[in-house]
Amino acid sequence: MITRALAILLLTVATFAHGSSEDPPVRFTFINVYVSAVEPLAAYQVELHDDAHAATIVGIEGGEHPAFTAPPFYDPAAMSGERVILAAFTTQADLPVGRTRVARVHVQITGMKPPSFVATLTTAGTIGAKKINATVQIAEGVGS
Amino acid sequence: MSHHDHHPEPTPLPSRLTEVLRAAHRTPMHPPELDQRVLRAFERHHAAPTILARLRPRRVLAAVAVLGLAAGAWLIVRAANYAPGDLNRDHRVDILDAMSLAIAAGDGRQVPDINRDNLQNVADADALVRQVVMLAARGST
């Protein structure tokens, strides 16, 4: 009986020890997506992907300005993937000017390899859906 | 001694004639610059004509007209091939088209029936946005 109990204990310890040494480390962080425009920003479309294939997208939330606090549109298939297209527009009169955080993308990073997210601005617009010049920037885990 | 071995002695030229012939070979008949000029003129005259020289004005005009017609036809065909959601006619469907559609629908204007529900309203803007952000249509990795 004691032998059997010891065997089970050893097997359990061995299993946990084996599992902990094999499982890659997992951490969670977020990517802030900013759009900068000289004119009032009413619409944007951004593509975000991880070049390093190290992260998966687990959540998406909106931005800081009241015009973009709602989560942007995205394909639900992007969840648990490493690429997403974010898009949003508003017909509100109060619009952000200059640099503003338009979205926050939560990601899970598995393994030691750091992610390498790249953002591309497809288009941006102002009042009346008029196209404007703008730029996109991203920052990992920065800000509130 | 055979008959063929016999060579008669050449008759010597008169000394005056010899001097004149030698003098004629010493002095060139014309200066070398003239030679060069004649050679260059010859080369120019017989050189292969360039492409521009071969072109005939009428043929050039005809070619330009054909190209112009082809470009016009291409533009007409391209203009007629706007995607249903390409409201701003920039040959791509993006969030600005969805925004335009939402504004137009809000104003009660005619909008394309994107979701094919036989209604033309703001729901078509939502359907267009879903198309815009869809990964599969844009080569998901």
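Predicted model: local features only at pLDDT ≥ 70, side-chain atom pairs only at ≥ 80, totals over all residues.
The number of salt bridges between chain A and chain B is zero. On the side of chain A that touches chain B, at least two residues come from each of strand E2 (43–50), strand E4 (83–89) and strand E6 (117–126). The most is given by E4(A), which supplies six residues. Sorted by class, this side of chain A holds 14 nonpolar, eight polar and three charged residues.

The contact involves 25 residues from chain A and 20 residues from chain B. About 1,800 Å² is buried between chain A and chain B, and carbon and sulfur atoms give 71% of this area. Of the area that chain A buries against chain B, 34% is supplied by Arg83(A), Phe89(A) and Ala129(A), more than by any other three residues.

The largest nonpolar core comprises 49 residues, and the most contacts inside it are made by Val33(A), Tyr44(A), Leu86(A), Val105(A) and Val107(A). Elements of both chains give two or more residues to this core: strand E1 (26–37), E2, strand E3 (55–61), E4, strand E5 (98–110) and E6 of chain A, and helix H5 (95–106) and helix H6 (122–133) of chain B. H5(B) gives the most, with eight residues.

When residues up to four places away in sequence are not counted, Val107(A) touches Arg27(A), Phe28(A), Thr29(A), Phe30(A) and Ile31(A), together with Ala55(A), Thr56(A), Ile57(A), Val58(A) and Phe117(A).

Key:
Residues numbered from 1 in each chain as written. Chains lettered and ligands numbered in written order. Heavy atoms only, no water. Contact = heavy atoms within 4.5 Å. Buried area = accessible area lost by both parts, 1.4 Å probe. Salt bridge = Lys/Arg side-chain N within 4 Å of Asp/Glu carboxyl O. Helix = DSSP H or I, 4+ residues; strand = E, 2+ residues; numbered from the N terminus. Nonpolar A, V, L, I, M, F, W, Y, C, P; charged D, E, K, R; others polar. Core = buried A, V, L, I, M, F, W, Y, C linked by side-chain atoms within 4.5 Å. Buried < 20%, exposed > 50% of the residue type's maximum accessible area, 1.4 Å probe, protein only.
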